Amino acid sequence: MKSELVTPSHLARKAVVYIRQSTPHQVVSNQESLRLQYALRKRARELGWREAAIDVIDTDLGLSGASTAHRNGFKELVGRVGLSEVGLILSIDVTRLARNCTDWYPLLDICGLRGCLIADRDGVYDPGTPNGRLLLGLKGSISELELHTIRSRLTAGLLAKAERGELAVMLPIGLMRDPSGVVVKDPDMAVQGRLGLVFQLFLQLRSVAKVMRALNERDLELPRRDRYGDLCWTRATLAAVAAILKNPAYAGAFVYGRTRFQPPKREGALPQKAPRPMEEWRIVVKDRYPAYIDWPIYEKIRAVIRDNRAEYMRIKTRGAPRNGELLLHGIAWCARCGHKMYVRYKGGGEYVCNHLRTQGGHPTCQHIRAAHIDAAVGDAFLTALAPAELDALSRSRRVQQQMSNALRSSAERELERKRYTAALAERQFNRADPDNRLVASELERRWEAALNDVRAAEEALARQMPSKAITQVAISKELNDKVISLTGRLPQIWGDEAISDAHRKALLRCLIEKVVLDRGENDLALARIVWRGGAVTELEVKMSVNSVTKLTRGTEMRERSLALARDGVPDDEIAAILTQEGHRSPRCADKVLPITVGRLRRAAAIKVATQRSRWEHDDSLLSPPELARRLEIPVNWLYVQIRSKRLLIDRQPSGAYLFPNTPSVLDAVRNLRNHVLAQLDLRICQPNKEGHQHG
C-alpha cells in the first residue's frame, strides 16, 4: 500500500534496501531473518518504485552495527544519500542501519536535508518533519540501549562462569577435554615429555633463544596445532617457545583477560590485541587444570623473560647476560642521577652515564673505569657465595645430570614417534593396489621420507650418547673427602678462561640485583651492591689516577717521602715504609712503588747520598744480563721468551727476574734457545726432554 509521504520526487530517485547481520554465525544460522530482509524489495514495489529502481546493499553481512568501521555498505549508502541519488531507505529495523547514535543522527540529518525517506516494517518516516525526526530518534536511542543491555547481560554471564574457572576457552597443546568436559593432559607421552623438556631447558639456560637453539641443534620438534586443531610437529621457533613458557594453563591456572584491545594506530585499521601485565589479569583461578609446572616456577619464568628484555629506560630491566668483558653490563646504575649506566669498550672498558646527555644535551654525568670495579664486585660475590659453594657445586651437577637424562629421553621418544610414522607409511603402501601407480608412488614417497626421518633421529640420538657409561655408586668416606676438597675452588673456576663472560654475568645476577656506582672526587669510587632480598653492601674501590696529587692522601704521602729522602733513606726502603703506613702509588692499589718515590724526590731536587741498585741479589741467583753473558746469548731474547710465555718465571718484589745459578737451569735455558724444549717453567718445576713439565 502506497504511503502518503511518497511523492513523485521520491519515486524519481532510487529505493535502497539495506541488509545486515551482526555476526557470520547469524548469517549462516539465521536464514529466516535474511529472507525477511531481502523481501523488502516487494515492500518497495508496493510503495510505487519500479523493479529497476530498487538497489540492494548487502556488503555488510557479518559486521556489527555498533560502529561504522569497515562497514563499506553503510558508507556507500550515506554517500549516495548525500548526492541525492536515494529517495527511500528500507530496512527491516533501525538496528540494521546503526546501533550507535553517533552514526544514526548524522544519517537523519543528511536524509532530512536531501528529502530521503526511511522505512521499516512499521511504517515510512520523513526525517525532515518534527514527528518523523522524533520517532526515528527514539528508535535509534532504544536500539543503542538495547545493544548495551544485551552486551552487559552476556558479559555478566561470561564473567560469572570465568570466575568459577568453567568458561570453555581454547586449550594449549598438551591439554585436552575428555567427553565429559574435564580438562586432562594429552595421553601422548611424547607431547608431555617435550613440553616438560622446554621448561627444564629454560630453567637452566634462562633464555628463550637458547632453548630454541638447543632444541633445533638436537632436531627436537615442538608439538603444535594446525589450522584444523590436529596435532602436528614443527621446528622450534622463538614465538612457539615463548608461547609455551608464557601460557599460565601449563601451571594449572585458568586465566581470563590476558589481553586488551589497543586503539588503531592509523585510521581505518582494526584494533590490535596487546598482552596485559600479570598483575592486571582480570580473573585467575589456580589449580584448575593438570599442571606441568607449579605456579611459583611459572612466576619465576615470567620474571626471567621480562628481565631479559633489553628495554632499560622504559621498563627498567637488566637484559639477558651477553658476552663482553664488563661484568656489570645491565645492572650498573648511576648514584648521582639514578639512571642506568651503559658500557663502553673504546679506550678500555668503562661504565658511562650519558642518559642526560642523549636526552637533553647535558654533559656526561660520570664515567668509571671498569677493571677495579669488576674485581671488587667479583670478590664480594665470591665471598658471599663461599659458605654455599659446596652445595651449589653439588646441585649444579645434579641439574646437569637431570638435563642430560631429559634430553636423551626426549630424543628416544622422538625416535619412537618417527618409527611409528614409518611403520604406518609402510602399512599404507602395502595395502595399496599395485596397479594404481599414482597412489602407490605417492605412498612410496611418504614411506621413504619417513625412513629418512628415522635415520636422522637415530643419528641425533647417537650424538647424545655419553662417551662413558655413568654408574650410580654410593658415596663412600673416601669419595666424600674428595668432594669436600673441592670447597674453595670457585675462585679458580670463576677466573678460568673456559668460562664465558655470559656465564659469569648469569652467576652474578643470581645474587646481585644491581650495583650503584659513584666515581667520587679522588682515587676512591663507591660501589653499593644491592643483593637479592634487599641487603646492601657498601664498597670503597681504589681507582687508578694519573698523579700523586689526585690521591686522597697524596699530600701526606709526598711530605712523608720527602722527609725520609732528606734523612738519606733509599727509595725502596721509603716505598716499604709508606706501604706499611697505608699509602699507595697512583696506579697501584696496594703498595707504593720505588719509582713513585724516585719521581717525588727528583721533583724536589733531592739527591741520594749513595746510589743503590734494585737489582742487587744473592750470588746464587743470576739477573737476565748475567745469564745472557754466561750463555753468550742476547739478553733481549730472554725478555721476548718471558713475554711470549715460553719462559715462565716469577717476578721478584723489586720487579727483577732472577734465575737460579745451577747447571740444570743453565742447560734448560740453552735447550730452550736451541728449540729442544717447547716451554720452560722455572716457577715450581723442571721440564723434561720433550718440553713437558714434571708434576
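## Salt bridges, strands and a surface patch

The side chains of K139 and D120 meet in a salt bridge, with N and O 2.6 Å apart. K139 lies in helix α8, while D120 sits in the loop between β4 (117-119) and β5 (124-125), so this pair ties together parts that are 19 residues apart in sequence. K139 is partly exposed, with a relative accessible area of 23%, whereas D120 is buried at 4%. The model described here is predicted.

Across the structure the count comes to 24 salt bridges. Another of them joins E581 to R560, with the closest N and O atoms 3.0 Å apart. E581 is in the loop between α22 (571-580) and α23 (594-603), and R560 is in helix α21 (residues 554-566), so the bridge links parts that are 21 residues apart in sequence. E581 is partly exposed, with a relative accessible area of 34%, and R560 counts as partly exposed at 33%. Salt bridges that share partners also join K14, D55, E76, R80 and E85 into one network. Within this group, R80 forms a salt bridge with E85. R80 counts as buried at 14% relative accessibility, while E85 is partly exposed at 36%.

| Salt bridge | N to O distance |
|---|---|
| K139 and D120 | 2.6 Å |
| E581 and R560 | 3.0 Å |
| R80 and E85 | 3.4 Å |

Helix α8 (residues 130-163) also contains L138. Together with L134 and I142, L138 forms a nonpolar patch on the surface, and the accessible area of the three comes to about 310 Å². L138 itself counts as partly exposed, at 46% relative accessibility.

Strand β18 (residues 512-518) pairs with two other strands. Strand β14 (residues 332-334) runs parallel to β18 and is joined to it by three bridges. With strand β19 (residues 524-531), β18 pairs in the antiparallel sense over six bridges. Here D518 stands opposite L526 in β19. The hairpin of β18 and β19 has five residues between the strands, and G520 in this hairpin takes a positive phi near 80 degrees.

A search of the whole structure finds zero disulfides. C116 is in no disulfide, because the nearest cysteine sulfur, that of C111, is 4.3 Å away and a disulfide requires two cysteine sulfur atoms within 2.5 Å. C116 is buried, with a relative accessible area of 0%, whereas C232 counts as partly exposed at 23%.

Terms used. Residues numbered from 1 in each chain as written. Predicted model: local features only at pLDDT ≥ 70, side-chain atom pairs only at ≥ 80, totals over all residues. Heavy atoms only, no water. Buried < 20%, exposed > 50% of the residue type's maximum accessible area, 1.4 Å probe, protein only. Patch = residues over 30% accessible without salt bridge, like charges linked within 9 Å, V, L, I, M, F, W, Y side chains within 5 Å. Areas by Shrake-Rupley, 256 points an atom, 1.4 Å probe, with all protein chains shown as cover. Salt bridge = Lys/Arg side-chain N within 4 Å of Asp/Glu carboxyl O. Helix = DSSP H or I, 4+ residues; strand = E, 2+ residues; numbered from the N terminus. Pairing = 2+ DSSP bridges.
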